Amino acid sequence: MIRIAVDAMGGDYAPGEMVAGAVDAANDRPDIRIALVGRQEEVLAELSKFTYNKEQIEVVNATEVIATEEPPVNAIRKKKDSSMVVALNMVKNGEADAFVSAGSSGAILVGGQVIVGRIKGVERPPLAPLIPTEKGVSILIDCGANVDARPSHLVQFAQMGSIYMEHVVGIKNPRVAIVNIGAEEEKGNALVKETFPLLKACPDINFIGSIEAREIPHGGADVIVCEAFVGNVILKLYEGVGATLLGMVKKGMMSDLRSKIGALLVKPALKRTLKSFDASQYGGAPLLGLKGLVVKTHGNSKRLEVHNSIIQCVTFKEQQINEKIRASLGTE
């Protein structure tokens, strides 16, 4: 039985969407147990709207909430009875196998490292979301946790990302590339130039060289390695362009009668195509390299993304990703 602690108070639409997503996940998977951590009365009020197996979902009371604008370190240190800290401590103490939150990114990163702790040998845990591409999905690692990474960190990111893509996503011998401003080996900033030969010499990854940003949506690599500043810019631009294009397509289809008739004809095919580029289909971003699983979902997550993030935890646990990371980094 896999146990997942959900921060019911984190995110723009908490607790409603967090509770709804948790109920959907429990109804889909009878082999999981979910602890909804948050203000008990508010969480129970949302739960009362749904039908579910009462043995699968419990409410763990936590009286405080960490707001997005709060300084992460102070919030984790001072708000001991916050939904986030209580849930993270459940993972630390073995009461839960995983933690899911749409709350403050900074607090999740701090809490994950300080409370749950790093696997021995892991220098820096990276935040690693799956991003949609023409060929399926790729993992972007790191996208927000380490803005001043060193070459050795990026090598570990490549190793952990490869393990995740092979055992969670199911891509054998995933292609690893480092984000660069050109395909030539001599290009890049100091970090990329120093990291490139280390990745090239790493025996347990399938390193294919550099990847330019324009090749990422085409699925040019399965594991996209970069430090967090670059990764976060890529992720935000990716999301912004996707939303803008979708809006423009919808507007164009409704511009006149002919367009509306055409829209009716192409709607089923277009809907299938656009669904594959919907980030909510792929769950949240795991913070890899911790002793327990910590998953960060978008702050504006609705029930579908919360549901998928919880199911993502099940696959992570079943495939023993942490154990494989320990073995890969020579800590066992």
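**Salt bridges and the sheet beside them**

Author: With a relative accessibility of 16%, D97 counts as buried (under 20%; exposed is over 50%, partly exposed in between; 1.4 Å probe, protein chains only). The model is predicted: local features need pLDDT of at least 70 and side-chain atom pairs pLDDT 80 or more, while totals for chains, interfaces and linings use all residues. Numbering starts from 1 along each chain as its sequence is written, and side-chain values use heavy atoms, without hydrogens or water.

D97 meets R3 in a salt bridge, with 3.4 Å from N to O (side-chain nitrogen of Lys or Arg within 4 Å of a carboxyl oxygen of Asp or Glu). This pair joins distant parts of the chain, 94 residues apart: R3 belongs to strand β1 (residues 2–7), and D97 to the loop between α4 (83–92) and β4 (98–101). Helices (H or I, at least four residues) and strands (E, at least two) are DSSP runs, numbered from the N terminus.

Another of them joins the side chains of R39 and E42, at 3.9 Å from N to O. Both partners are partly exposed: R39 has a relative accessible area of 34%, and E42 has 36%.

R175 and D222 also form a salt bridge, at 3.1 Å from N to O. Distant parts of the chain are linked here too, 47 residues apart, with R175 in strand β7 (residues 175–179) and D222 in the loop between β8 (206–211) and β9 (223–225). R175 is partly exposed because its relative accessible area is 24%, and D222 is buried because its relative accessibility is 9%. Shared partners join R3, D97 and K317 into one network of salt bridges.

Strand β1, which carries R3, belongs to an open sheet of six strands with mixed pairing, ordered β3-β2-β1-β4-β11-β10 (two strands pair if DSSP finds at least two bridges between them). The edges are β3 (57–61) and β10 (285–286); each has a single partner strand, so one side of each lacks a neighbour in the sheet. The partner of β10 is β11 (residues 293–296), and the two run antiparallel over two bridges. P286 faces V295 of β11 across this pairing.
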